[in-house]
Amino acid sequence: MTSAQAGRSIPWGFALKILASAGVVAVLVYRFDFHAILEKIEGANLLYVAAGFFLLLLQTVLLAWRWMLINRLIDKTKARLPNLVLHWRLYMVSLWFNLVLPSSIGGDAVRAWMIKSAHLTLSTAAKGVIYDRISALLAVILMIAASLPLIWQLESASAISSGLQLIAVSSGVGFLLLLALPIITRWLPQNLLKHRFAAALFSLALEGARVLRAPVIMAKAMLIHIITILSFFCIIRSVAIPVELIQVAAIMPAVILLSALPISIAGWGVRESSIVVGLGLFA
């Protein structure tokens with residue numbers, strides 16, 4: 001391979017994500033007293049730490065349970081589906097890949113491939129992961145919309161509030177259109193649905209709308225995000241930071257959404273800086 005070919009083969013997107021994560025973390029470390037942070041960690045209240053750990057462990061069970069229910073909703077073969085224990089084991093493996101790969105898509109691909117080997121077709125495995133992600137995204141959008149009244153009360157958060165409103169409204173319209181797709185398809189030209197790609201796309205969307213309309217799926221998606229808020233609050237209280245639960249609840253939905261964007265390595269840097277900026281609004 002020539003030097004020119006080697007240069008062209010460099011994954012620039014991956015390199016930029018590394019720089020973004022490293023740069024943001026470096027700025028945070030530079031701006032704050034690292035030794036004081038270490039002292040707070042050493043003196044952390046272990047009861048709160050244990051509570052946060054338990055909540056996160058409980059969250060992984062709920063994540064696997066939601067994924068299992070989605071697979072059962074969409075599996076047409078009615079084969080012997082993997083139980084909750086196997087779904088949880090595969091989800092835990094995928095979480096490790098989510099932390100080390102450039103994007104959480106890598107972890108999703110890993111769990112789709114692993115579940116495919118457990119009595120599911122590749123199509124069902126892939127769709128199960130896609131719908132699982134969409135349900136989580138819809139839940140966090142709903143929570144952002146619910147947190148807006150708290151953000152509106154902060155004079156220093158006018159720009160952030162406008163951005164969150166735009167995200168909530170545009171995403172809400174998109175999801176409403178998805179849920180209304182069964183009605184919309186009746187008005188579409190029948191010739192359009194004869195094309196293989198269009199038919200496959202509409203079939204995927206219709207099935208996704210059916211999954212999202214299942215109350216148990218959305219209830220678990222909301223509960224999972226609530227547990228994220230509670231676990232983070234426990235970690236904050238363990239180091240005696242004077243922050244109220246309502247303040248954490250106001251910023252965490254936006255933090256979850258921003259950390260999911262593919263602009264850093266697994267959200268590293270973006271997540272931490274978003275939390276710092278969000279909590280700074282209440283200072």
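1. In this predicted model, Arg 66 and Asp 132 form a salt bridge in which the closest N and O atoms are 2.7 Å apart. The pair links distant parts of the chain, with Arg 66 in helix α4 (residues 46-74) and Asp 132 in helix α7 (residues 122-152), 66 residues apart. Arg 66 counts as buried because its relative accessibility is 2%, and Asp 132 counts as buried because its value is 1%.

2. Asp 132 also forms a salt bridge with Arg 111, where the closest N and O atoms are 2.9 Å apart. Since Asp 132 belongs to helix α7 and Arg 111 to helix α6, this pair ties together parts that are 21 residues apart in sequence. Both Asp 132 and Arg 111 are buried.

3. Asp 108 is placed in helix α6 (residues 104-116). Its relative accessibility is 9%, so Asp 108 counts as buried. Leaving aside residues up to four places away in sequence, Asp 108 touches Asn 98, Val 129 and Arg 133.

4. A further salt bridge joins Arg 210 to Glu 207, with the closest N and O atoms 3.9 Å apart. Both residues lie in helix α10 (residues 196-212), three residues apart, which is about one turn of the helix. Arg 210 is partly exposed because its relative accessible area is 38%, whereas Glu 207, at 6% relative accessibility, counts as buried.

5. Salt bridges that share partners join Arg 66, Asp 108, Arg 111, Asp 132 and Arg 133 into one network. The count of salt bridges comes to six.

Notes:
Residues numbered from 1 in each chain as written. Predicted model: local features only at pLDDT ≥ 70, side-chain atom pairs only at ≥ 80, totals over all residues. Heavy atoms only, no water. Helix = DSSP H or I, 4+ residues; strand = E, 2+ residues; numbered from the N terminus. Buried < 20%, exposed > 50% of the residue type's maximum accessible area, 1.4 Å probe, protein only. Contact = heavy atoms within 4.5 Å. Salt bridge = Lys/Arg side-chain N within 4 Å of Asp/Glu carboxyl O.
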